[in-house]
Amino acid sequence: MNAARISRWLIYILIAVTLLAVLWNLSATPAPSEEIFISQLAQQIKADEIAEIDVSSSGQEVVVHYLSDESPPAKANISGVSSLEEVLQNYGITESDYADGRPVIAYAKRSQLGGWLNLIGIFLPALLMIAFIYFIFRQTQGSNNQAMSFGKSRARMFTGDHPTVTFSDVAGADEAKEELREIVEFLREPEKFVNFGARIPKGVLLVGSPGTGKTLLAKAVSGEAGVPFFSIAGSEFVEMFVGVGASRVRDLFEQAKRHSPCIIFIDEIDAVGRQRGAGLGGSHDEREQTLNQILVEMDGFDTDTHVIILAATNRPDILDPALMRPGRFDRRVVIDRPDMRGREAIFKVHLRGKPIAGNVNVQRLAKSTPGFVGADIENTVNEAALLAARRNKKNIGMAEFQEAVERVQLGPERKSRVITPEEKEIIAYHEAGHALVSHFLPAAPPLRKITIVPRGMGLGLTWYMENDNLLPNKSQLRAQIASTLGGRVAEEIVFGEVTSGASNDLQRVTQIARLMVTQYGMSEDLGLRVYGQKQEMVFLGREISEQRDYSDAVAELIDNEVREIIDREHEEARRILQENRDTLDRVARALIEEETLEAEEFVAITEGTERPSPADISSRPPSQPDKKDTLDWNSSLNLPPAPSPA
C-alpha cells in the first residue's frame, strides 16, 4: 500500500472518529432546561411532588425528577455544602418527610475515569478537527506540487544494470552496430578522441521501418557504455498548456548535464520534430516552441557537455531541416529490413532458452520469411511456442514454426467457413491457374504452396517463394502480371464465365503495369521520363494525391499502354493454360481432395512423377530457388502481399 492510499485511509478514520465523538456527546443525558432554587426544592418535597433526586458525582448539582410525567426534570445548584440532606434540613425537611420513601436521593459514583471521560469529550472533537484540517492541507499541498510539476521532464532514467540489453542481443543490423560502437567507445574513453581534437557526434538519428529494432539498439548502446540512460517519447513533451513542452525539454537537459556523460533517447521524435510552419497555430504553436527549445539545447551556447542524443523515427522526411543539420543530428543510421543472414541471426537470438526440437532448421526459417523484421520474427517464435504448448508437446518443432510463419504472414486458417462444392471447384481451378502460369514462365517467382483453405480475407491462396533481391526487370514484372491473371483465365477456360474472386488480382496487375509505364520508364512509346509528381502534406505526414504534370493526350497514351501490357500478358496466360489443360485439371482435382499442396507435390503432379511424402518435405534442407533472379516483389514495388488470394 503506497503513501497516498495510507493518507487517504487516515483521513477516513479521522472523519469517522470525529463523528463518533460528536454523536457520543449528543447522546449524553441532556441537561434540564429549567433551573430551580433549593427553597423551591424543599417546598416540592413537602408537597410530595418529587420522585427522585440525582446528585452528580462532583456533588455540585442535582437533577430533580417529578412524579408527574408532564413535568420535565429540573436542575438545582448545591455548591459549597457537604450533602444535599444538610441543605434540606436548613429548609425544615426532616426524616418524616421521607417516611413514604420519597423522594429517593441517588448519589452518582465518584470515579477518576468519569473526569477523564469528560475531559476527552471536551477536547477530542477539537483535536480531531485540527488533525483533519492538517491532513487536508497536506493533500492540497501535494496536489499543488503535482500541478506545478507540469514543466518537469517525464523521462525515465536507467542506471547501473539497467537496461540489460547489449549488442549481443541485437542481430541483423551489423552496419548499424558498427556505427554506434564509436559512440560507446567515446562514452567509455572520451579522452581518446579529445586528444586528437575530434568532436563526437552530438546526435544520432536511427531511421528504419517499424519493428526493425531502433529502440533495442538505443538500449544496447546504453548497456554497452554503462552510463545513465534517459528515455522519453516525443509525444510526452507536448501538452495543452503553453510552454510546458519547452519547460520539459529544459528540465530534461538539465538532468542530463548533471549526470553526464549520459544518453538521451527520444523515441518517435517526429511527434515533436515535424517541420515548422506546418501546424495550425503558426509560429506560436506549442509543438514548435518545444522544437525550438530542443534545437537550442542540442546546439546552443551551452552545449559543451558529454550528452549524446539518440532519436528514432520511421518518418525522417517530415523532420525539420534545422534538426537534421550537422551539429545536431550529425549521423543518420539507417536500420533496414534484415536479409536472409540477418533473419537467421535474429531467429537464433529469439530461440535462446526455448526447448527446440532437433528438426528445426533455422536457415530454412530465415529463407521462408523474406521481408520480416525483428518484431515479426519475435512474433513468429512466440506463435510457434504457443502452438507447441497448445498441442501438449515437450519442444517446439519445425511444423509449429512453419504454421507460425503462415499465421503471421497470411492469418489463421478458417476451416469452419462453409463453402459449397461448386465454389470449392472454382477456387481450386483459380489457384491452379495461378500456379501453372508461374511454373511455365522462367522469369516468374517459384511456387511455395497452394491452398484452397480460406485465410484472412481470401478464399484460397497461391504463395510464391521470394528472396531479398531489389531490382526487378521488365521480364519479371511481365511474368508477375501473367501469373497473377492466371486465376481469372482458368475460370474463363473451364467455366466460360468469371467471378468476383479476381478483384484483388486485377488491382495488383493494374498497379504493376502503371508503375512500369509512369515510374520505371519501361514503355517504348512514352520514353524515358516519370509521369506524375507525388504531393505530400507535411502536417498530415502522408501522401494525399498525385499531381499531374502531363497533358490529357499523354494520359490517354498511358492508359492505352497499361491496357496493352495487361492484355498481352492475359493472352500469354491463356496460351499456357490451354496448352496444359490436362495438367490444370490434375492440379485442381488434387486441391479439391487434399486442399493444400506444397511446392514439391505440385511439381510432381505437373511433371507426372512420384509425389514426396510430407516427412520428406519438412526434413529437406533449404535450397536456393530453381529459377534465377527471383525478386522480393513487395519491397521493391511497394505492393500488397505477394500471396495471391482467390
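Close-up 1. A443 is partly exposed, as its relative accessible area is 24%; here buried means under 20% relative accessible area, exposed means over 50%, and partly exposed is in between (1.4 Å probe, protein chains only). This is a predicted model, in which local features need pLDDT of at least 70, side-chain atom pairs count only at pLDDT 80 or more, and totals for chains, interfaces and linings use all residues. Residues are numbered from 1 along each chain as its sequence is written, and side-chain values use heavy atoms, with hydrogens and water left out. A443 belongs to the loop between helix 15 and strand 12 (447–451); helices (H or I, at least four residues) and strands (E, at least two) are DSSP runs, numbered from the N terminus. Leaving aside neighbours within four places in sequence, A443 is in contact with S475, Q476 and A479, where contact means heavy atoms within 4.5 Å. The C-alpha atoms of A443 and R478 are separated by 8.5 Å, and these two residues are 35 residues apart along the chain.

Close-up 2. Helix 15 covers residues 421–440, which is 20 residues. From its first C-alpha to its last, helix 15 reaches 29 Å, close to the 28 Å expected at 1.5 Å a residue; the expected span is 1.5 Å times one less than the number of residues. Which residues of helix 15 are buried? They are I427, A428, Y429, H430, E431, A432, G433, H434, A435, L436, V437 and S438.

**Close-up 3. E569, a buried glutamate in helix 18.** Look for E569 in helix 18 (residues 552–579). E569 counts as buried because its relative accessibility is 8%. Not counting residues up to four places away in sequence, E569 touches R478, I481, A482 and L485.

**Close-up 4. Helix 11 against helix 13.** Helix 11 (residues 340–350) and helix 13 (residues 374–390) pack at an angle of about 45 degrees, and their axes are 10 Å apart. Axes are lines fitted to C-alpha atoms, for helices over the stretch in contact, and angles run from 0 to 180 degrees between N-to-C directions. The angle makes helix 11 oblique to helix 13; angles under 35 degrees count as roughly parallel, over 145 as roughly antiparallel, 65 to 115 as roughly perpendicular and the rest as oblique. The crossing of helix 11 and helix 13 is right-handed, meaning that the near helix is turned clockwise from the far one by less than a right angle. On the helix 11 side, R343, I346, F347 and H350 take part, and they meet G374, I377, E378, T380 and V381 in helix 13. By class, the residues of this contact are four nonpolar, three polar and two charged; Ala, Val, Leu, Ile, Met, Phe, Trp, Tyr, Cys and Pro count as nonpolar, Asp, Glu, Lys and Arg as charged, and the others, Gly among them, as polar.

Close-up 5. Helix 13 and helix 14 (residues 398–410) pack at about 125 degrees, with axes 8 Å apart. That angle makes helix 13 oblique to helix 14, and their crossing is right-handed. From helix 13, D376, N379, T380, V381, E383, A384, L387 and A388 meet E400, F401, E403, A404, V405, R407 and V408 in helix 14. This contact of helix 13 with helix 14 divides into eight nonpolar, two polar and five charged residues. In the loop between helix 13 and helix 14 you will find N392, whose phi is near 60 degrees, a positive value in a residue other than glycine. Is N392 buried or exposed? N392 is exposed, with a relative accessible area of 70%.

**Close-up 6. Helix 5 against helix 7.** The axes of helix 5 (residues 174–188) and helix 7 (residues 214–225) come within 9 Å and cross at roughly 35 degrees. Helix 5 passes helix 7 in a right-handed crossing. A176, K177, L180, I183, V184, L187 and R188 in helix 5 meet L217, V221, E224 and A225 in helix 7. The contact of helix 5 with helix 7 has eight nonpolar, no polar and three charged residues.
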